Amino acid sequence: MSFFSFLFGSGAQQNDTITILDKPSFKMAINTKKVQLIDVRTPNEFNGGHIKNAKNIDFFNQSDFIKEFNKLNKEEPVYLYCRSGNRSQKAARKLDSLGFKKIFDLKGGYMNWN
């Protein structure tokens, strides 16, 4: 049994760098410790409601996206979400290419959060 299977049970799907977490596992992780929690939706979507303590970095604004993520610690886990999970999966792959070591993505996105 891998560490993540043990820690998150069957709520985690994983590759080497990117782990997709179901809502209970994601919620437990972000509430247990201080994390880099990023909402990759547009500012308009973010202003319409977001997870507490999330920082908004718009995936569609690629120049700002890269600039803002380069300010974060690549060695520390990053927790991502978008509206439905599609953009955050693309963002996770981009972060993987930028050298982030551990990326956690909320399955179903913010629509699944509420």
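Let us start with a term that will come up throughout: a residue is called buried when its relative accessible area is under 20%, exposed when it is over 50%, and partly exposed in between, with a 1.4 Å probe and protein chains only. By that scale Asn73 is partly exposed, with a relative accessible area of 37%.

Residues are numbered from 1 along each chain as its sequence is written, and side-chain values use heavy atoms, with hydrogens and water left out. The score pLDDT is the predictor's confidence in each residue, from 0 to 100. Its average over the protein is 89, and 88% of the residues score at least 70. Residues 1–10 are another matter: their pLDDT stays under 50, and the model has twelve contacts for them beyond four places in sequence; a contact here means heavy atoms within 4.5 Å. Where pLDDT is low, the predicted coordinates should not be read in detail.

Now for the fold. The protein has six helices and six strands, taken as DSSP runs numbered from the N terminus (helices are H or I with at least four residues, strands are E with at least two). Followed from the N terminus, the elements run α-β-β-α-β-α-β-α-β-α-β-α. Among contacts between residues at least 6 apart in sequence, 62% join residues at least 24 apart. Of the 114 residues, 44% are buried. The protein exposes about 6,300 Å², and carbon and sulfur atoms supply 50% of that area, computed by the Shrake-Rupley method with a 1.4 Å probe.

Which residues have the most contacts inside the largest nonpolar core? They are Ile38, Val40, Phe65, Phe69, Leu80, Leu95 and Phe100, in a core of 17 residues. Such a core is a set of buried Ala, Val, Leu, Ile, Met, Phe, Trp, Tyr and Cys residues joined through side-chain atoms within 4.5 Å. Helix α4 (62–69), strand β5 (78–81) and helix α5 (86–98) each supply at least two residues of this core, and α5 gives the most, with four residues. Apart from this core lies another, of 14 residues, among them Leu21, Ile30, Phe46 and Ala54.

Leaving aside neighbours within four places in sequence, Phe65 is in contact with Val40, Ile57, Asp58, Phe59, Ala91, Lys94 and Leu95. In its helix, the buried residues of α4 are Phe65, Glu68 and Phe69. They lie on the same side of α4 because they cover an arc of only 95° around the axis, the arc being that of the directions from the helix axis to the C-beta atoms. An α-helix has 3.6 residues a turn, so residues three or four places apart point the same way. The cover over the buried residues of α4 includes β3 (36–39), β4 (55–56), β5 and α5.

Helix α2 can be read in a similar way. Its buried residues are Ser25, Phe26, Ala29 and Ile30, and they sit on the same side of α2 because their arc around the axis is only 120°. The face turned away from this buried side carries the exposed residues Pro24, Asn31 and Thr32. Ser25, in α2 (residues 23–32), counts as buried because its relative accessibility is 7%. Its side chain makes a polar contact of 2.8 Å with that of Asp22; the term means a pair of N or O atoms within 3.5 Å, where within protein one must be able to donate a hydrogen and the other to accept it, and residues adjacent in sequence count only if both atoms are side-chain atoms.

Finally, the loops. Asn73 is in the loop between α4 and β5, where a polar atom of its side chain lies 2.8 Å from the backbone nitrogen of Glu75. Not counting residues up to four places away in sequence, Asn73 touches Gln36 and Phe100. Lys34, in the loop between α2 and β3, is exposed, with a relative accessible area of 83%. The C-alpha atoms of Lys34 and Asn53 are separated by 9.4 Å, with the two residues 19 apart along the chain. Asn53 lies in the loop between α3 (43–47) and β4, and its phi is near 75°, a positive value in a residue other than glycine.

Technical notes. Predicted model: local features only at pLDDT ≥ 70, side-chain atom pairs only at ≥ 80, totals over all residues.
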